[in-house]
Amino acid sequence: MYAEERQQAIATLVMSRGRASVAELAQTYDVTTETVRRDLAVLDKAGVLRRVHGGAVPAQTLHLVEAGVSERDTTRSTQKDAIATAAVDFFPLSGASVLLDAGTTTARVAERLPTDRDLTVVTNSVPIAGRVAAMPTATLQLLGGRVRGLTQAAVGEQVLRVLETLRVDIAFIGTNAISVRHGLSTPDTEEAAVKRAMVQAANYVVVVADSSKVGKEDFVSFAPIDSVDSLITDDEISDADRDLLTQHGVEVVIA
């Protein structure tokens, strides 16, 4: 196979899978890892792929365009439901505090809040607040500020000031992307600031994200990988990604 043919094949493979590691590509095309890295450099320069730590992702993985809540809510809904169900095991005992980040997966987690214990629930999400407010055993603290219509999440200085004063037992955090090199990331700088403050306010951080976000990197990193205690994801995560995250101290829970 000529180099051009191999590079075309690599590009097609990465586009279809969403990402591929250098080791996987070397084995697939029976070449050295150095050859694969040269191929990825060529494809990156051409704008076809983006090189990331240990492999490559499609060029469009790094973007500034966000989908709205309604669009994201119907995407990979089966996986999100499974992730939320698995998150139930992480709910603390009565009297504890829980922080719920805005997002369609965390909204599903909110729907599964236990009713057999008293919990203080903190959130910046308007839809989540609406659900939790009706739960008799939950004490709701809604973080106020400017609400982004796209994500229905409160952002801005008012939210950040309150989060600086809080310490919660556990936080369920959503993310647009998660990788070892770039940590947790998202397209919007204001959302990133709030998420960063949430992570810093929590004694224990649980990321709830489907496998399509694993190994990807978005515009703004809001937390390093070592700030994540557990990741709950679906069974489509690759063994390589799971092993890499585990090696960096993240407990990976498969829903």
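Aspartate 30 is exposed, with a relative accessible area of 70% (exposed means over 50% relative accessible area, buried under 20%, and partly exposed in between, with a 1.4 Å probe and protein chains only). Its place is in the loop between α2 and α3 (helices are DSSP runs of H or I with at least four residues, strands are runs of E with at least two, and both are numbered from the N terminus). Aspartate 30 has a positive phi of about 55 degrees although it is not a glycine. Most residues other than glycine have a negative phi.

Before we go on, a word on the model: it is predicted, so local features need pLDDT of at least 70 and side-chain atom pairs count only at pLDDT 80 or more, while totals for chains, interfaces and linings use all residues. Residues are numbered from 1 along each chain as its sequence is written, and side-chain values use heavy atoms, with hydrogens and water left out.

Glutamine 152 sits in the loop between β7 (146-148) and β8 (153-155), and at 31% relative accessibility it counts as partly exposed.

Now follow the chain into helix α3, which takes in residues 33-45. Its 13 residues reach 18 Å from first C-alpha to last, close to the 18 Å expected at 1.5 Å a residue (the expected span is 1.5 Å times one less than the number of residues). Which residues of α3 are buried? They are Thr35, Val36, Asp39, Leu40 and Leu43. These cover an arc of only 135 degrees around the axis, which puts them on the same side of α3 (the arc is that of the directions from the helix axis to the C-beta atoms). An α-helix has 3.6 residues a turn, so residues three or four places apart point the same way. The cover over the buried residues of α3 includes α1 (3-17), α2 (22-29), β2 (49-52) and β3 (55-58) (contact means heavy atoms within 4.5 Å). On the face turned away from the buried side you will find the exposed residues Arg38 and Lys45. Just after α3, glycine 47 takes a positive phi of about 80 degrees.

Asp39 also leads us to the charged pairs. The side chains of arginine 6 and aspartate 39 meet in a salt bridge (2.5 Å, N to O) (a side-chain nitrogen of Lys or Arg within 4 Å of a carboxyl oxygen of Asp or Glu). Arginine 6 lies in helix α1 and aspartate 39 in helix α3, so the pair ties together parts that are 33 residues apart in sequence. Arginine 6 counts as buried at 10% relative accessibility, and aspartate 39 is buried at 3%.

The salt-bridge count comes to 15. Another joins the side chains of arginine 146 and glutamate 190 (2.2 Å, N to O). Since arginine 146 lies in strand β7 and glutamate 190 in helix α9 (residues 189-201), this pair ties together parts 44 residues apart in sequence. Elsewhere, Asp81, Arg108, Glu111, Arg112 and Arg131 are linked in a network of salt bridges.

Finally, look at lysine 80 in helix α5 (residues 77-87). Lysine 80 is buried yet has no salt bridge, and the nearest side chain of opposite charge, aspartate 210, is 5.1 Å away (Lys and Arg count as positive, Asp and Glu as negative; His and the chain ends are not counted). Its side chain makes a polar contact with the side chain of threonine 104 (2.9 Å) (a pair of N or O atoms within 3.5 Å; within protein, one must be able to donate a hydrogen and the other to accept it, and residues adjacent in sequence count only if both atoms are side-chain atoms).
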